[in-house]
Amino acid sequence: MYGDEKDAPGFDAGPGHPGDHSGYTYFTSGGPGESGFTFGPGGWQRMGGQGGSQSFSFSFGGPGGSSSFGSHGGPSSFDFDLGDIFSGFFGGGMKDQSQFGGFSGSSRSQSQSRGSAKSIRAVNSEVFRKEIADQGMTWLLLSYSPSWRGKQYYESIMVEVASLLQGAIKVGSINCETEVSFCKDLGICPGRAPRLFVYSYKESEKGSLEEYKGDLFAKNVKSFCQDHLPRFSKRIILNHFDLSSSNVEKSPRVILLSTKKDTPVIWRVLSGLYHKRFTIYDAEVHDVSDPAVKKLGVDALPAMIGWLSNGEKHILKSGISVKDLKSAIKDLSMLLDSFEKKNKKVASSQTSKMQTDSTERQLPLLTVANFDALCGDKTPVCIIGVFRSLRAREKLESLLYKVSKKSLSRRQNVASASRDSVSYILLDATKQPSFLSAFDESGFKSSDNFLVAYKPRKGKFAAFTGDMTMEEVEKFISSVLNGDVQFTKTRQKPVLK
């Protein structure tokens with residue numbers, strides 16, 4: 001498999017130590033003490049069996065003796081604990097299944113069957129560019145030369161780690177004999193032995209290659225990979241953050257509520273896959289009795305809540321139950337994909353509505369060309385919204401449009417001029433200071449936005465420079481139309497330039 005009866009295994013087991021057995025022990029289904037063989041540098045050894053039962057087991061030699069893995073819960077050569085994996089998902093472990101609603105169907109033995117080296121993706125520059133670089137997924141990559149021994153051992157570690165973090169990482173290998181320039185460009189050329197790298201998002205949104213230089217045990221490599229999973233989720237304190245407001249960026253927002261002190265593994269993986277499409281948060285909460293959790297309407301933890309770009313809240317899933325890492329990522333990805341589609345429909349509807357409203361709300365800007373039609377002698381009253389900034393214009397336009405639709409304001413006139421009509425128009429104060437000086441000596445220079453009610457035939461006006469709220473604007477215009485406001489003679493006839 002990795003060597004033969006006359007040769008050492010095809011990997012470097014490290015320097016020899018007293019009691020170090022650098023070989024394999026191979027049992028057939030029953031375990032030590034039953035039928036089996038030991039093979040290694042010193043040759044083959046058959047082990048006796050009982051009752052004809054057979055089993056298979058291997059042990060890799062190392063400092064301090066050999067450790068084996070088999071099908072009967074014995075110690076693992078890779079020294080991993082499934083509890084470590086499951087406890088990182090959302091906030092529970094094999095000993096605390098109730099925290100998620102249980103891990104039904106996740107009772108895999110410690111000797112989970114190894115995957116095949118065929119599952120390792122052959123990577124070249126094109127594959128790297130299309131499938132790996134800045135795609136949000138963490139990769140464990142091997143750079144090697146086919147002529148060197150030990151590649152199989154590295155691959156066995158990679159396959160084991162991939163099975164432990166299935167769905168969270170992908171594995172690939174780069175042949176640096178055939179991809180010489182590619183390996184040089186990445187700085188991953190192997191020296192006297194293969195090298196392991198993780199394509200990481202730990203430091204920034206842009207991925208980078210980080211070399212693993214620790215001991216070649218699956219548990220250690222798994223921990224290294226897990227540490228380099230994406231960190232795009234922003235951890236917040238729920239009581240101090242408002243997610244309900246409308247989102248100007250048009251992207252949906254999601255938050256995971258869990259009892260974990262740190263961002264859960266699954267959520268970190270999803271944050272990498274979706275960080276370009278969602279704004280992602282997570283928060284630690286103690287239980288559903290927390291006032292902030294109650295306010296959100298969550299009745300079970302962990303929970304995933306989403307907000308559409310219009311601020312509308314949806315509880316995507318509560319009381320999340322995890323079977324395994326791969327299926328959890330798949331299930332939650334389906335929820336996020338569905339929510340994203342819903343948000344696109346809402347955003348499209350919002351855009352159409354805004355365009356319609358903008359067209360409908362658009363009030364004319366007073367110019368020399370349209371002055372006679374909108375605010376000439378044939379118009380009883382023209383309500384002029386005066387602004388000095390774009391923000392002030394938008395606010396005035398919105399307020400005047402809404403008021404113009406109410407019964408208090410007679411009949412609106414824009415292009416025509418009937419005797420009983422009122423014109424609602426806008427004026428840019430920065431371009432028409434002389435026009436405004438006809439009403440006020442200073443030209444209302446202290447005001448960013450204000451209203452002027454002008455009666456062209458009588459040459460009189462009334463101004464409002466108070467708070468521009470719907471209530472105050474309505475009150476002023478109603479007073480103008482009902483004759484309850486004092487009009488003042490203009491200083492001179494206002495003229496546009």
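The exercises below concern a predicted model.

**Exercise 1.** Find which strands hold Arg195 and Glu211, and state what their pairing ties together.

Solution. Start with the contact: Arg195 and Glu211 form a salt bridge, and their closest N and O atoms are 2.7 Å apart. Last, check the accessibility: Arg195 has a relative accessible area of 22% and is partly exposed, and Glu211 is partly exposed at 24%.

**Exercise 2.** Decide whether Lys344 is buried or exposed, and name the patch that includes this residue.

Solution. Lys344 is located in helix H8 (residues 325–361). Exposed means over 50% relative accessible area. Lys344 has 55% relative accessibility, so this residue counts as exposed. Together with Lys341, Lys342 and Lys345, Lys344 forms a positive surface patch.

**Exercise 3.** Work out how many residues of helix H3 are buried, and what follows for the helix.

Solution. Helix H3 covers residues 151–164, which is 14 residues. From first to last C-alpha H3 reaches 20 Å, close to the 20 Å expected. A residue under 20% relative accessible area is buried. Of the 14 residues of H3, 13 are buried, so the helix is largely enclosed by the rest of the structure.

**Exercise 4.** Identify the network that contains Arg231 and Asp227.

Solution. Arg231 forms a salt bridge with Asp227, with the closest N and O atoms 3.3 Å apart. Through shared partners, salt bridges join Lys202, Asp227 and Arg231 into one network.

Technical notes
Residues are numbered from 1 along each chain as its sequence is written. This is a predicted model: local features need pLDDT of at least 70, side-chain atom pairs count only at pLDDT 80 or more; totals for chains, interfaces and linings use all residues. Side-chain values use heavy atoms; hydrogens and water are left out. Patches are made of residues with over 30% relative accessible area and no salt bridge: like charges are joined within 9 Å, nonpolar side chains (Val, Leu, Ile, Met, Phe, Trp, Tyr) within 5 Å. Accessible areas come from the Shrake-Rupley method with a 1.4 Å probe; for residues, only the protein chains shown count as cover. A salt bridge is a side-chain nitrogen of Lys or Arg within 4 Å of a carboxyl oxygen of Asp or Glu. Lys and Arg count as positive and Asp and Glu as negative; His and the chain ends are not counted. The place of a charge is taken as NZ of Lys, CZ of Arg, CG of Asp or CD of Glu. Helices (H or I, at least four residues) and strands (E, at least two) are DSSP runs, numbered from the N terminus. Buried means under 20% relative accessible area, exposed over 50%, partly exposed in between (1.4 Å probe, protein chains only). The expected span of a helix is 1.5 Å times one less than its number of residues.
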